[in-house]
Amino acid sequence: MTHEDLVLYAKRYLLKKKRIHVVITEQFIITTEKPDAMGYTTGQTYLIECKATRSDFLADAKKKFRQEPELGMGSYRFYLCPAGLIQKHELPDGWGLLWVEDNGRIKTLKANGNMSAPFQNRKNTSAEHQLLLAYTKRLVKAYGVHEAGELTPIEKLHEEISRLKHHIKLLEHGSMHQPQGVR
């Protein structure tokens with residue numbers, strides 16, 4: 001499973017499971033972190049960091065905004081990874097863990113009470129606003145104003161290709177019966 005695949009899972013999770021209408025993926029701003037997926041809703045933000053490898057997860061802990069969490073983004077913060085890559089006991093305080101299972105479903109592992117109000121993280125609201133502004137500028141420049149919160153046709157195609165690659169891999173290893181609708 002690639003990092004790009006995980007980012008699409010994160011976006012879909014925020015859009016469908018959390019019903020968040022504004023989701024930004026991998027938008028770069030020069031002054032702070034580059035979240036893999038960031039969801040905005042009234043009064044709260046959701047940060048998802050996608051980790052495809054252990055080394056990427058371990059390197060993340062060394063970043064300034066992980067060392068000083070108040071510099072980071074997200075009222076609620078999660079790592080998303082292939083099932084088993086990261087364990088709950090390895091999480092920083094206030095973080096949750098999402099596993100992408102072999103069948104493509106996301107399993108939420110609650111850690112440190114991540115989803116209740118007392119466990120909301122102190123956050124860098126200014127950085128969150130800068131990210132939203134940078135994304136808005138990018139949208140206006142590239143497409144004009146459009147409905148946010150939807151996967152683009154290219155993202156939908158990439159998601160379908162990733163899903164089919166995953167099914168092919170499972171079929172090649174004999175660990176899955178042929179999925180419905182795939183011939």
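In β6, Trp99 finds its bridge partner in Lys107. That pairing belongs to a set of four bridges joining β5 to β6, two strands that run antiparallel. Here strands are DSSP runs of E with at least two residues, helices are DSSP runs of H or I with at least four, and both are numbered from the N terminus. Two strands count as paired if DSSP finds at least two bridges between them. The model is a predicted one, so local features need pLDDT of at least 70 and side-chain atom pairs count only at pLDDT 80 or more, while totals for chains, interfaces and linings use all residues. Residues are numbered from 1 along each chain as its sequence is written, and side-chain values use heavy atoms, with hydrogens and water left out.

Stepping back to the whole chain, the secondary structure amounts to five helices and six strands. Read from the N terminus, the elements follow the pattern α-β-β-β-α-α-β-β-β-α-α. The six strands make up an open sheet, ordered β1-β2-β3-β4-β5-β6, with mixed pairing. At its edges sit β1 (22-25) and β6 (106-109), each of which pairs on one side only. Direction ignored, neighbouring strands of the sheet are turned by 20° against each other on average; axes for such angles are lines fitted to C-alpha atoms, for helices over the stretch in contact, and angles run from 0 to 180 degrees between N-to-C directions.

The pairings around β3 show both directions. β2 and β3 run antiparallel and are joined by five bridges; Tyr40 has Thr45 in β3 as its bridge partner. In the hairpin of these two strands, two residues lie between them, and Gly43 takes a positive phi near 75°. On to β4: five bridges also link β3 to this strand, but here the two run parallel, and Ile48 stands opposite Phe78 in β4. β3 is mostly covered, with six of its seven residues buried. Buried means under 20% relative accessible area, exposed means over 50%, and partly exposed is in between (1.4 Å probe, protein chains only).

Helix α1 (residues 3-17) lies across β1, β2, β3 (44-50), β4, β5 and β6, and runs at about 155° to β3. Asp5 sits in this helix and, at 13% relative accessibility, counts as buried. In contact terms (heavy atoms within 4.5 Å), Asp5 touches His158 and Ser162, leaving aside residues up to four places away in sequence. Asp5 and Ala52 are 47 residues apart in sequence, yet their C-alpha atoms are 9.1 Å apart in space. The loop between α1 and β1 holds Arg19, which has a positive phi of about 55° although it is not a glycine. Arg19 is exposed, with a relative accessible area of 65%.

As for the inside, nonpolar side chains tend to be buried together in soluble globular proteins. A nonpolar core is taken as a set of buried Ala, Val, Leu, Ile, Met, Phe, Trp, Tyr and Cys residues joined through side-chain atoms within 4.5 Å. The largest such core has 19 residues, and Met38, Tyr79, Cys81, Ile86, Leu91, Leu97 and Leu131 touch the most other members. At least two core residues come from each of β2 (37-41), β4 (76-82), β5 (95-100) and α4 (125-143). The largest share, four residues, is supplied by α4. A second, separate core of 17 residues includes Leu6, Leu15, Tyr46 and Val100.

The structure holds zero disulfides, a disulfide being a pair of cysteine sulfur atoms within 2.5 Å. The closest cysteine sulfur to that of Cys50 is in Cys81, 9.5 Å away, which is too far for a bond.

Over the whole chain, 39% of the 183 residues count as buried. Among contacts between residues at least 6 apart in sequence, 56% join residues at least 24 apart. The accessible surface comes to about 10800 Å², with 54% of it belonging to carbon and sulfur atoms. Accessible areas come from the Shrake-Rupley method with a 1.4 Å probe, and for residues only the protein chains shown count as cover.
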